[in-house]
Amino acid sequence: QVQVVESGGGLVQPGGSLRLSCAASGSIFSINPMGWYRQAPGKDRELVATITVSGSTNYTDSVKGRFTISRDNAKNTVYLQMNSLKPEDTAVYYCYLSRGKYKYWGQGTQVTVSS
């Protein structure tokens with residue numbers, strides 16, 4: 001079994017920054033694609049950022065230039081650096097690890113951007 005745990009969420013003012021962490025553990029024997037989704041109440045789940053085993057990244061248009069996803073393979077950890085945060089970034093952020101056709105999900109961490 002694989003466990004995925006997010007951390008780093010919180011309350012921040014517009015224009016501020018947060019760094020989310022996602023640590024994977026358990027039955028992991030190789031590097032896997034990982035990424036972040038977010039979901040606000042009453043809204044669809046949105047794919048925010050992905051990172052491949054080789055380190056290639058992709059972002060949804062709304063966060064390009066503001067968010068950066070990275071990974072530390074030795075720690076089986078991915079990060080989401082979020083800068084210039086906007087109120088519309090408010091959501092629960094979920095990390096996943098992809099293995100084959102299956103995704104292992106974290107419990108989510110709340111990000112609230114408000115003045």
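## An aromatic cluster

Tyr37 and Tyr96 are both buried (under 20% relative accessible area; exposed is over 50% and partly exposed in between, with a 1.4 Å probe and protein chains only). This is a predicted model, in which local features need pLDDT of at least 70 and side-chain atom pairs count only at pLDDT 80 or more, while totals for chains, interfaces and linings use all residues. Residues are numbered from 1 along each chain as its sequence is written, and side-chain values use heavy atoms, leaving out hydrogens and water.

Tyr96 and Trp105 form a tilted aromatic pair, 5.6 Å centre to centre with 55° between the planes (ring centres of Phe, Tyr or Trp, the latter by its six-membered ring, within 6.5 Å; stacked under 30 degrees, edge-to-face over 60, tilted for the rest). Tyr37, Tyr96 and Trp105 make up one aromatic cluster. Tyr96 counts as buried because its relative accessibility is 6%, whereas Trp105, at 32%, is partly exposed.

## Charges over the rings

Two of these rings also have a charged neighbour. Arg45 lies over the face of Tyr37, 4.4 Å from the ring centre, and the charged end of Lys103 sits over the ring of Tyr96, 5.1 Å from its centre (NZ of Lys or CZ of Arg within 6 Å of the ring centre and within 35 degrees of the ring normal).

## A buried arginine

Now for Arg71: with 19% relative accessibility, Arg71 counts as buried. Its contacts (heavy atoms within 4.5 Å), not counting residues up to four places away in sequence, include Ile31, Pro33, Met34 and Val53.
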